[in-house]
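Try each task yourself before you read the solution.

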Amino acid sequence: MEQSLNLEVTLQSVMAAARQLMQADRSTLWLLDEANNELWSQVQSADGQTLIDLRLPADKGIVGHVAMTSETLNILDAYRDSRFDASSDLKTGYRTRSILCMPVFNSSGKLMGVSQLINKAQGQFTQLDESFMRAFNTQAGIALENAQLFQELLLEKQYQKDILESLSDAVISTDMAGRIVTINEAALKLLGCPTGEAFDHKVGLNTDTEERVNKAACRRWQQALIGRLIWEVLPLERLQMRLEDSLASGARHYVPEQSLTVSVACEAADQSAERRPESCVLVVSDEIESAANDTANDSANDSADDSADDSADDAYRSSRGAVSYRLWGSSQRLISPANVMGWNRSINLTVSPLSDPQGGVRGGLVVLEDISQEKRMKTTLYRYMTPSVADRVMALGEDVLMVGERRDVTVLFSDIRGYTTLTEALEAAQVVSMLNEYFETMVEAVFHCEGTLDKFIGDALMAVFGAPLPLENHAWSAVCSALDMRRRLRIFNRDRRTQGQPELRIGIGLSSGEVVSGNIGSQRKMEYTVIGDGVNLSARLESITKQYGCDIVLSEHTYERCRDQVWVRELDLIRVKGKLEPVKIYELIGDRNHPLDNNMQAFLQLYAQGREAYTSRAFHVAIADWTQPWPCSLTIKSPSYT
């Protein structure tokens with residue numbers, strides 16, 4: 001009984017074991033269907049050739065009485081008992097005489113059903129039979145409980161599979177090593193898996209977006225792809241880095257408008273053979289495969305045989321004079337370009353972690369939204385406006401943007417300190433490479449906190465939180481982005497130190513307030529941006545970070561919106577150019593989810609005492625607090641340099 005988790009198999013096993021043990025002619029196990037308040041079972045017909053489903057109300061008949069009362073009934077003549085329902089005999093053509101009917105409970109004492117032994121081989125059922133059957137029912141209850149739990153698990157698994165297959169976006173899940181675990185039909189179609197039953201190599205694959213993937217090809221592709229590293233299947237820039245970051249830290253990455261190149265070859269025994277959808281396979285060009293292998297650091301696994309294969313491949317490419325393709329998953333077999341079809345897809349990429357019940361990461365989820373058609377529409381709009389404006393026009397319509405609107409936002413400015421001096425000794429290509437790498441990680445910090453990248457101004461970056469899409473707490477999102485920039489800069493500088501390159505220092509200014517957002521520019525070129533006091537103040541705060549020896553400065557307007565969530569140090573009361581009212585400014589130390597160490601707490605306490613004395617015009621007290629000898633343990637560094 002305990003060897004099977006299939007409910008129907010377990011049901012039949014329990015019935016057969018009970019019949020043999022008790023020397024009964026028949027045994028029936030009725031399971032309780034709580035949803036319908038019924039008892040159901042499967043019994044053989046009189047000829048023993050077929051199984052018949054039986055259902056009874058849970059409070060009717062002998063089994064219903066036992067189900068309601070949990071009593072044991074030992075009946076010598078069933079037809080003389082008023083509770084006996086002869087409808088089952090009429091349906092099966094069987095004659096019931098003696099009955100032993102007992103309840104079946106699971107491990108927690110909950111009623112699972114009722115066991116019923118019919119027609120003792122010799123005489124009637126005895127008290128010894130009841131004792132044996134009671135012990136048997138205990139084991140049967142546990143077996144049925146396990147079978148029902150397994151069936152519920154299978155139903156839930158199928159439910160999730162149906163949801164996955166119904167999604168229009170391509171969804172691929174991975175394990176902690178980045179190997180594919182599940183891949184839905186939309187993902188197979190995106191990669192070029194044939195649709196329909198016929199295949200015309202001249203027309204191409206997937207011409208009908210509504211047509212389902214060919215079943216035979218789908219099974220073959222899934223078997224080939226599951227267990228493979230996802231970045232080998234999807235030649236997307238930085239996919240491996242983003243997925244590994246998501247698996248390690250639980251970060252979520254969203255990268256819009258990525259270009260995905262896919263290639264498919266149709267295998268056939270010879271040129272005259274019919275090409276069928278199930279014979280089409282994914283192939284990878286030598287260039288893409290080489291890049292994937294370099295990124296995955298697989299060179300340690302190369303062998304002498306691979307070197308020989310590479311030499312043969314080089315000779316093949318030289319003779320063909322064109323890029324050749326490898327059959328996907330094969331390191332030896334090459335496919336002629338003449339048999340390969342390839343095309344580009346435009347996608348939005350989302351990389352997210354999969355969580356376990358304890359909140360840890362148990363895998364990754366890669367979602368690809370095919371925006372190829374939308375991309376073609378944008379390309380037309382890009383002839384007349386910048387990409388950022390085109391996106392907003394497509395989403396909201398031109399009239400809404402042209403009118404403009406007032407929004408409450410937080411603006412972030414960041415700038416590289418000493419940029420001119422830093423780049424004087426660098427070649428132009430080195431400057432461009434450094435800025436691209438720097439902006440790549442800084443923009444991720446903006447996007448990760450739901451910010452909008454407004455523009456680059458030389459080595460400076462401007463981001464807006466709360467426009468064009470509103471954010472419930474845009475000030476806190478901007479603060480989180482600034483702290484993430486600080487964290488990413490430490491990692492960026494660590495890598496530069498290992499390469500013998502100078503480190504970068506940045507200043508960040510944050511301020512919140514009302515701005516005007518909309519399309520601003522000329523007939524020939526327009527940009528979606530924001531203007532107002534909040535923008536000007538953020539830029540001023542970024543420029544004064546070096547005067548106060550810190551890396552992140554908040555205005556009082558931002559601080560008041562998230563004061564319970566951050567550690568700060570009040571710096572000063574300043575009046576910026578163009579403003580009559582002074583503004584309090586604060587240095588951002590960190591967020592309150594991370595407690596400060598004893599050194600920093602002591603430093604902030606002494607600083608606050610001196611600051612209070614200073615603002616009260618008790619200058620001698622302030623000087624005493626700020627110039628007293630510092631213990632060695634209170635050597636404080638700016639958080640951005642630690």
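**Exercise 1. Find which residues form a nonpolar patch on the surface with about 310 Å² of accessible area together.**

Keep in mind that this is a predicted model. The patch is built from Leu21, Leu128 and Phe132. Now zoom in on one of these residues: Leu21 sits in helix α1, which covers residues 7–22. Next, check its exposure. Leu21 has a relative accessible area of 46%. Exposed would need over 50% and buried would need under 20%, so Leu21 counts as partly exposed.

**Exercise 2. Work out whether Arg407 is buried or exposed, and list what it touches.**

Start with the location: Arg407 belongs to strand β15, residues 405–416. Then take the relative accessible area, which is 15% for Arg407. Since the cut-off for buried is under 20%, Arg407 is buried. Now look for polar partners. The Arg407 side chain makes a polar contact with the side chain of Glu405, at 3.2 Å. Finally, leave out residues up to four places away in sequence, and Arg407 touches Gly466, Ala467, Pro468, Leu469 and Pro470, along with Gly513, Glu514, Val515 and Ser517.

**Exercise 3. Zoom out: how many helices and strands does the protein have, and what percentage of its residues is buried?**

Count the elements to get 20 helices and 22 strands. For burial, 45% of the 642 residues are buried.

Technical notes:
Residues are numbered from 1 along each chain as its sequence is written. This is a predicted model: local features need pLDDT of at least 70, side-chain atom pairs count only at pLDDT 80 or more; totals for chains, interfaces and linings use all residues. Side-chain values use heavy atoms; hydrogens and water are left out. Helices (H or I, at least four residues) and strands (E, at least two) are DSSP runs, numbered from the N terminus. Buried means under 20% relative accessible area, exposed over 50%, partly exposed in between (1.4 Å probe, protein chains only). A polar contact is a pair of N or O atoms within 3.5 Å; within protein, one must be able to donate a hydrogen and the other to accept it, and residues adjacent in sequence count only if both atoms are side-chain atoms. Contact means heavy atoms within 4.5 Å. Patches are made of residues with over 30% relative accessible area and no salt bridge: like charges are joined within 9 Å, nonpolar side chains (Val, Leu, Ile, Met, Phe, Trp, Tyr) within 5 Å. Accessible areas come from the Shrake-Rupley method with a 1.4 Å probe; for residues, only the protein chains shown count as cover. A salt bridge is a side-chain nitrogen of Lys or Arg within 4 Å of a carboxyl oxygen of Asp or Glu.
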